[in-house]
Structures are given as structure tokens and as C-alpha cells.
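Open your viewer and get ready to select residues by number. This tour stops at a few charged pairs.

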Amino acid sequence: MGILGFSKLLADVAPHAIKEMELKHYFGRKVAIDASMCLYQFLIAVRNDSGQLATADGETTSHLLGTFYRTIRLLENGIKPVYVFDGKPPDLKAGELTKRAAKREEAQKALDKATEAGDASDMDKFSRRLVKVTKHHAEECKQLLTLMGVPYIDAPCEAEAQCAAMVKAGKVFATATEDMDALTFGSNVLLRHLTFSEARKMPIQEIHLDKVLEGFNFTQKEFIDLCILLGCDYTDSIRGIGPKRAFELMKKHKSIDDILKNIDKEKYVPPADWNIDVVRNLFIEPVIADPETIDLKWGEPDEEGMVKYLCGEKQFNEERVRNGVKKLMKARSGTTQGRLDGFFKVLSSTPAKRKPEDSKKNTPNKRGKVGAGKGRGRPK
């Protein structure tokens with residue numbers, strides 16, 4: 001879900017925080033990609049007349065096709081992606097997950113009615129609402145990424161939190177996701193639309209957290225309170241308070257605690273047992289793997305392994321897969337030149353950690369486990 005209504009609020013209050021860029025602008029950049037968001041996009045968008053792409057046995061392959069070609073496109077543009085997969089969701093997300101399950105149940109009933117009526121338009125619409133990224137989808141994509149020589153990370157909890165931690169530590173340049181809560185977790189730079197297809201014809205939105213805070217005139221803690229007030233995945237918001245009103249209240253009172261002291265709670269009803277401190281802490285100190293223990297390596301692609309997996313098991317067209325592999329190989333050989341700023345030390349904007357982007361120092365990981373695609377590393 002992300003943060004409800006924040007995109008429009010940001011465009012209204014701090015438009016200077018958003019830059020529209022072309023894909024080629026990110027040549028030489030390492031980018032942490034919210035894998036679940038990507039897979040959801042592919043399952044929704046990569047379809048044919050009968051629905052999601054699938055094998056003759058009915059096994060869905062839309063997520064694999066999307067991952068294969070979109071990753072190649074990123075690499076062709078000199079971008080070094082690292083995919084970050086969700087781990088166990090925090091307990092406070094249970095309510096949001098229950099709501100999503102209820103919506104899918106409603107969509108299934110509507111789909112059954114549309115199927116009975118033979119309404120193709122509604123059948124397509126409601127079938128898209130049933131899309132859910134499963135562990136099986138994720139494991140298949142991890143296998144493909146390993147064969148492609150592209151690293152991935154298994155986050156212990158929320159992928160956006162792990163991505164944000166990697167940006168703050170200087171391991172990668174930005175978080176790529178459509179969910180604005182990457183900013184709430186503290187990602188210095190957010191890229192939206194990075195994994196969209198070229199057919200969407202949408203420029204990449206580059207959003208800088210420092211410009212957001214400057215435009216809103218908030219500290220990070222105040223910004224987190226605004227995001228909670230707008231509506232996030234971990235708690236309900238105050239009934240009757242929309243984005244504009246939430247922003248005005250935060251400007252005046254600077255915290256949810258003071259807002260609650262100054263509003264009519266009979267008119268604006270807060271959630272029962274609203275433990276704001278616990279929700280805040282999920283954003284301030286999320287469960288993550290220590291970025292300093294993560295060694296990102298982009299390895300040699302395994303052409304025959306990809307052909308065997310995609311063409312043998314998943315029934316892809318071999319000629320198309322081999323053509324894709326040729327592009328992948330060419331992209332690897334053509335991106336050895338780094339960005340100009342790669343010749344200098346790139347420091348994190350987090351005052352407490354000023355670590356270079358290519359730091360190799362490892363420290364003990366106390367907060368989670370990390371998985372990565374296998375393969376020989378390339379010079380940075």
C-alpha cells in the first residue's frame with residue numbers, strides 16, 4: 001500500500017523534490033530494487049489474451065519473462081541492479097494483510113459473476129485484482145537472477161527498509177520502488193517507474209528525501225508522523241482526516257501526540273489502542289540485515305543454464321532467450337566504464353556513518369540473514 005495520498009501531497013507541497021529523468025542518466029549506478037513490487041507489476045502487466053503467460057501445464061511465467069527482459073534493459077543502460085526480496089512481515093502488518101485478503105475474496109466473487117455473464121472486460125479487471133506475489137514466484141526469480149549473474153538479497157523483514165538502509169550506508173545509489181514508504185524508512189533517493197516497460201512512456205521520478213523534508217519543513221521524525229497520519233501498512237489512521245488536513249495539522253502541532261490533544265476525538269476518531277510509538281519505531285529502527293555485511297557481486301551469466309531453465313522447464317522460445325542472453329553479455333562488456341564520480345570516494349549522507357560506496361569492511365550481522373546470487377564479481 002505504501003503511504004496513502006502522499007504522491008499528490010508531495011507534488012502539491014514540494015514539487016522541487018521530484019526530478020524527471022531518463023533511464024540513461026543512471027549509467028554506472030547501483031540500484032536496490034524492491035523485488036516484490038517488480039514481480040507484482042509483471043504479473044499484472046505481462047499478459048496475453050487469455051491472461052497471465054503460462055506453460056502448457058498452466059504454470060505462470062509472466063514474472064520470469066518480466067524479470068528477464070527488464071533486467072537486461074537495466075543492464076543495457078549501464079545500471080547495476082540488486083533485487084531485494086521481502087522477509088517475514090512485521091506483526092503490525094497483519095491487519096493490512098487481512099484487508100488485502102478480503103479484497104481478493106470480493107474480487108473472486110465478482111470474477112465468478114463476470115465469467116458466468118461472459119463479460120470479458122470485467123473478467124480481465126477482476127482477475128488482475130486477484131494477483132498475489134507468492135514465495136514460489138520469488139524463488140523462481142532468484143534462480144533466474146543467479147543464472148543471469150545478478151545479485152539478490154533476502155531481507156529479514158520489509159524490502160523497502162532493507163533498500164533504504166543500503167542507500168544510507170552508501171552501498172547503492174537509490175531505492176527503486178513505487179511505494180513511497182521507502183522515504184519513510186529513510187532512503188535518501190527514491191526512483192519510481194524504473195522498472196516500467198518502455199510502452200508506458202513514463203519518465204523516471206527521482207525523489208530526494210532531503211528536498212522532501214525541506215519542502216515540508218519537517219524533521220525526519222515529523223515526516224514519519226505525517227506518513228502514519230496519512231495511512232501506512234502498520235496501523236489505521238484517524239477517521240475523517242485526509243491528506244491535506246493531515247499536513248495542516250502536522251504543520252501546526254508537529255506530532256501525532258499533540259494533534260490528539262487538540263482535535264475533537266468524537267468527530268475525528270483515532271484507532272482503538274493506537275500505539276504510535278511502536279509504529280514509529282518500525283520506521284526508525286526496522287529489522288534489517290547490516291548493510292556492511294553485504295558484498296554485492298555481479299557475476300558471469302550462465303547462458304546454457306538460462307536456456308535449460310527458461311526453455312526446458314518454462315517453455316520459453318529458445319531463439320528469443322538466446323537473443324536476450326546476447327544482449328546481456330554485450331551489456332556486461334559495455335559497462336566497464338564507470339561514472340566520473342566513481343573515481344572519487346562517494347560518502348553517505350548519513351552523518352553517523354560516512355562510508356564509501358565501495359567499502360569492503362564487514363561487521364557482524366545482528367539483525368538478519370543475507371542471500372545473494374552466485375558468480376564471480378566484477379571490478380567496480
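Buried means under 20% relative accessible area, exposed means over 50%, and partly exposed lies in between. Keep those cut-offs in mind at each stop. The model is predicted. It holds 17 salt bridges. Side chains of opposite charge can pair when their charged atoms come close.

**Stop one.** Select glutamate 59 and lysine 314. They form a salt bridge, with the closest N and O atoms 2.5 Å apart. The two residues are 255 residues apart, so this pair links distant parts of the chain. Glutamate 59 sits in the loop between strand E4 and helix H3. Lysine 314 sits in the loop between helix H14 and helix H15. Glutamate 59 is partly exposed because its relative accessibility is 29%. Lysine 314 has a relative accessible area of 6%, so this residue counts as buried.

**Stop two.** Now select arginine 280 and aspartate 277. Their closest N and O atoms are 2.8 Å apart in a salt bridge. Both lie in helix H13, 3 residues apart, which means about one helical turn separates them. Aspartate 277 is exposed at 53%.

**Stop three.** Select arginine 332 and glutamate 300. This salt bridge has its closest N and O atoms 3.4 Å apart. The pair links distant parts of the chain, 32 residues apart. Find arginine 332 in helix H15, and glutamate 300 in the loop between H13 and H14. Arginine 332 is buried at 14%, while glutamate 300 is partly exposed at 38%.

**Last stop.** Select Asp225, Asp257, Asp277 and Arg280 together. Salt bridges with shared partners join these residues into one network.

Definitions and conventions
Residues numbered from 1 in each chain as written. Predicted model: local features only at pLDDT ≥ 70, side-chain atom pairs only at ≥ 80, totals over all residues. Heavy atoms only, no water. Salt bridge = Lys/Arg side-chain N within 4 Å of Asp/Glu carboxyl O. Helix = DSSP H or I, 4+ residues; strand = E, 2+ residues; numbered from the N terminus. Buried < 20%, exposed > 50% of the residue type's maximum accessible area, 1.4 Å probe, protein only.
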